[in-house]
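User: Please walk me through this structure feature by feature. Give me the general idea, then the case at hand.

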Amino acid sequence: MRDIRNYNLLSHNTFGITVSCSRFLEYSSTVEAVSVASILRGAQQPYMMIGAGSNLLLTHDYEGIVVHSAIKGMSTVETPLEEATIVNSGSGECWDDLVAWTVNMGYGDLVNLSLIPGDVGASAVQNIGAYGAEAGMFVYQIKAVEIATGQLTTIPAAACHYGYRDSLFKHEWRNKYLITHVSYCLKKNARMNLNYGNITTELARKGISTPTPQQLRDVIIDIRHAKLPEPKELGNAGSFFMNPIVSREKFEELATRYPQMPHYRINDQEEKIPAGWLIDQCGWKGRRMGRAAVYEKQALVLVNLGGATGNDIVVLCKAIQDDVRRTFGIDLKPEVNII
C-alpha cells in the first residue's frame with residue numbers, strides 16, 4: 001500500500017493541472033483496500049476516490065485524502081450462463097487494456113468503448129459510453145469494500161441504477177465503497193453496434209461489410225485519434241459535456257430552425273442532441289480564452305494549451321454554457337467531475 005503525504009496529482013489528471021492533496025492512499029489488493037477503509041474511518045479529513053483522472057478537473061489543492069486503486073489482473077470466470085462469459089478485472093486496470101483483451105478473445109461487446117481513457121473501476125462509477133454503447137450495459141457485478149464496515153460486498157449491476165453517465169456511485173453511494181473488481185457479462189455471439197456516428201462510413205471506406213471485433217476496434221481507434229487529442233501532448237479529459245436529452249416538443253421547435261441538426265432518438269418523448277454540434281454552431285470550435293481552448297477538431301473537447309489552471313478551464317466552460325443557453329435554450333452539463 002502506498003501512503004504519501006503532500007502528494008502532487010499531476011500524473012493523476014489528464015488535464016495536466018498541477019495541484020496537490022494532503023495525503024494519497026493507493027491499494028493493490030482487497031486486503032489493502034480493507035486497510036485503507038480503516039484509515040478513512042478514523043480520518044478527520046474529507047476523502048475522494050479517483051481513477052486515472054481522465055474525467056476530472058482539479059481547480060485547487062485538495063485538503064484531504066485521495067484514494068486510488070492499483071489492483072490488476074484480468075480473467076474469465078466459470079458461469080452457468082450458456083450463451084455468455086463473465087470476465088473479471090481488477091479496478092486498477094486500464095480500461096482500454098481490458099477492451100483489447102476481450103477483443104483478442106473474439107468478443108465484440110465492449111469494442112465500441114475502445115480507447116476511452118481511464119481505469120476499470122471508474123467505468124462502473126461513471127458508466128462510460130461511446131458510439132451507442134455504455135459500460136453499464138455489460139457490468140455483471142462489482143466487488144467492493146464498504147468503508148463504514150470494512151466488509152467485502154458484492155453489488156449486482158441492477159442495484160447500481162445505471163443511467164446516462166450516471167450511477168448510484170455518484171449519488172447515494174458516493175465515497176461509500178472502495179471498488180476492488182468489476183465483472184462484465186459478454187455474449188458469445190454478440191451483435192456489434194455499427195449504426196452510430198461515422199462507423200459505417202469508415203468501414204465502407206475500408207471495404208469492410210462484416211467486421212471482426214478487431215477490425216471494428218481498429219476503425220473506432222482511428223476515428224477517436226482523428227478527433228481527440230493525446231492528453232500527454234494537449235491536456236484534456238475527452239468529452240467535457242454530456243449530450244443533452246430534450247423533450248419531443250423542444251426538439252421539434254429546434255428542428256424547424258435547424259433542419260440539419262443531428263439527433264438520436266431516445267424514446268417517443270425524448271431526443272438526444274450532440275453537445276459538440278451545439279457548441280460548434282455557437283462558433284466555439286478552435287477558440288481560446290487565455291491558456292484554455294476548445295479543440296480545433298472537436299468542439300466537445302476543452303484543452304489545456306499549457307499552463308492553464310483548473311479555474312481557467314471552468315471560465316471557458318461557463319462561457320460556452322452561457323452561449324448555448326442563450327442560442328438554443330439548452331443547459332449543457334459537464335461530464336467531467338469538477339473538484
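Predicted model: local features only at pLDDT ≥ 70, side-chain atom pairs only at ≥ 80, totals over all residues.

User: How many helices and strands does the chain have?

Analyst: Helices (H or I, at least four residues) and strands (E, at least two) are DSSP runs, numbered from the N terminus. Here there are eight helices and 20 strands.

User: Why is the chain called as compact as a globular protein of its length?

Analyst: The radius of gyration is taken over C-alpha atoms, and the globule rule is 2.2 Å times the number of residues to the power 0.38. The radius of this chain is 20 Å, close to the 20 Å that the rule gives for 339 residues, so the chain is as compact as a globular protein of that length. Its C-alpha trace spans about 60 × 50 × 35 Å along the principal axes.

User: What share of the residues is buried?

Analyst: Buried means under 20% relative accessible area, exposed over 50%, and partly exposed in between (1.4 Å probe, protein chains only). Of the 339 residues, 51% count as buried.

User: What do the contacts say about sequence separation?

Analyst: A contact means heavy atoms within 4.5 Å. Take contacts between residues at least 6 apart in sequence: 62% of them join residues at least 24 apart.

User: Now the sheets. How do strands pair?

Analyst: Strands of a sheet pair through backbone hydrogen bonds, either parallel or antiparallel. Two strands count as paired if DSSP finds at least two bridges between them.

User: How many bridges join E17 to E18?

Analyst: Two bridges join E17 to E18 (residues 292-294), and these strands run antiparallel. Arginine 288 has alanine 293 in E18 as its bridge partner.

User: Which strands pair with E5 in the parallel sense?

Analyst: Among them are E2 and E3. Strand E2 (residues 20-27) is joined to E5 by six bridges. Strand E3 (residues 47-50) pairs with E5 over four bridges. Isoleucine 65 of E5 stands opposite arginine 23, and isoleucine 65 is also the bridge partner of tyrosine 47.

User: Is E5 (residues 62-69) mostly covered or mostly open?

Analyst: Strand E5 is mostly covered, with seven of its eight residues buried.

User: Is arginine 23 buried or exposed?

Analyst: Arginine 23, in strand E2, is buried, with a relative accessible area of 12%. Leaving aside residues up to four places away in sequence, arginine 23 touches Asp3, Ile4, Arg5, Asn6, Ile39, Gly64, Ile65 and Val66.

User: Where does leucine 115, with its positive phi, sit?

Analyst: Leucine 115 is in the loop between helix H2 (95-104) and helix H3 (120-126). Its phi is near 70 degrees, a positive value in a residue other than glycine. Leucine 115 is partly exposed, at 26% relative accessible area.

User: And where does asparagine 175 lie?

Analyst: Asparagine 175 lies in the loop between strand E11 (152-156) and strand E12 (177-187). Its phi is near 60 degrees, again positive in a residue other than glycine. Asparagine 175 is partly exposed, with a relative accessible area of 27%.

Terms used: Residues numbered from 1 in each chain as written. Heavy atoms only, no water.
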